[in-house]
Structures are given as C-alpha cells and as structure tokens.
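Reader: Please take a close look at one part of this structure, the aromatic cluster. Then set that part in the context of the chain.

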Amino acid sequence: QEQLVESGGGLVQAGDSLRVSCVAYGRTFNRYALGWFRQVAGEEREFVAAANWNGANLYYTDSMKGRFTISRDNSDNAKNTVILQMNSLKPEDTAVYYCAAAAPGYGDMWSLPETYDHWGQGIQVTVSS
C-alpha cells in the first residue's frame, strides 16, 4: 500500500536540533520527488525542502537554507526515505510538518503544494523559547 509515514517530531528548545523522517512505502515513489512542507494553524502550507527522485537535486526555501538539510535514501527498493535535519531551531519553526511526494514532470514547480499528489498525515514540531 502506498503511503507516506512521518516520524521524529516533538518538543525541543530554541537552538536545538531535530530530525524528522518520512518513509514512502511503495515502488511508485521510486521516481517521485519527496519533500517537506510545514503549516501553522490558520496559515497556508509553506514549502521547506525537497529532493528529486535520486537525491541528486535538492531544493530549499531560502530562509531555511543553511539550517535545514534534506537527504534521501533509496537503498531499499520497496521504500524511499527522506530525512529533514533541522538545526538551530527557532520558535517560529513551530508547525506541523508534512511529507509529500510529487510525480515526475513537476519541472520547476517543486515548491508548490499543488505539485504534490501524496501527503503524509503530518507531524508536530514545537520549539520553545
């Protein structure tokens, strides 16, 4: 069954690091881009980072570049794992973080939520001051 399952969220203090992972189950995702978005209640979903199908191309929102690092592991043919390493966390990073998958053909549209057609259920990251 194809699904995206996130893990690793939680409560940390400002300045701490946190790693969130997403496992994309199903061979369908072998050629998909995998990315992370985040959303604060009442606000629009915000692009964080993405990796193309083999992890060779990585995309970031400028404001998070340098603090956040995305990586992808395709070593298991039956699943793909994408990891978001978040360093120097700030209270404004508090949000629900969503893993998402985009089918081939997304071109330059990797930062738009509508490009992604599979979504995880989200995981809470809370950064206290």
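Author: The account below starts with the aromatic rings and then widens to the rest of the chain.

This is a predicted model, where local features need pLDDT of at least 70, side-chain atom pairs count only at pLDDT 80 or more, and totals for chains, interfaces and linings use all residues. Residues are numbered from 1 along each chain as its sequence is written, and side-chain values use heavy atoms, with hydrogens and water left out.

Start with the rings. The structure holds 8 aromatic pairs. Rings of Phe, Tyr and Trp (its six-membered ring) pair if their centres lie within 6.5 Å; planes under 30 degrees apart count as stacked, over 60 as edge-to-face and the rest as tilted. Phe37 and Phe47 are edge-to-face, because their planes meet at 75°, with 5.4 Å between the ring centres. This pair links distant parts of the chain. Phe37 sits in strand β4 (residues 33–39) and Phe47 in strand β5 (residues 46–51), 10 residues apart. Strands here are DSSP runs (E, at least two residues), and helices are H or I runs of at least four, both numbered from the N terminus.

With Trp119 it forms a tilted pair, 5.1 Å centre to centre and 55° between the planes. Phe37 lies in β4 and Trp119 in strand β10 (residues 118–119), so this pair ties together parts 82 residues apart in sequence.

How covered are these rings? Buried means under 20% relative accessible area, exposed over 50%, and partly exposed in between (1.4 Å probe, protein chains only). Phe37 is buried, at 0%. Phe47 is buried too, at 6%. Trp119 is partly exposed, at 29%.

Phe37, Phe47, Tyr59, Tyr98, Trp110, Tyr116 and Trp119 form one aromatic cluster. Arg45 lies over the face of Tyr98, at 3.8 Å from the ring centre. Such a charge sits over a ring if NZ of Lys or CZ of Arg is within 6 Å of the ring centre and within 35 degrees of the ring normal. Arg31 is placed likewise over the face of Trp53, at 3.9 Å.

Now another arginine. Arg67 lies in the loop between β6 (58–60) and β7 (68–73). Arg67 is buried, with a relative accessible area of 13%. Its side chain makes a polar contact with the side chain of Asp93, at 2.7 Å. A polar contact is a pair of N or O atoms within 3.5 Å; within protein, one must be able to donate a hydrogen and the other to accept it, and residues adjacent in sequence count only if both atoms are side-chain atoms. Leaving aside neighbours within four places in sequence, Arg67 is in contact (heavy atoms within 4.5 Å) with residues including Met86, Ser88 and Asp93.

Ser88 lies in the loop between β8 (79–86) and β9 (95–102). Ser88 is partly exposed, at 42%. Its phi is positive, about 50°, although Ser88 is not a glycine. Most residues other than glycine have a negative phi.

Finally, the whole chain. The protein chain has 0 helices and 11 strands. Buried residues make up 42% of its 129 residues. Of the contacts with a separation of 6 or more, 58% join residues 24 or more positions apart. The C-alpha atoms fill a box of roughly 40 × 25 × 25 Å, taken along the principal axes.
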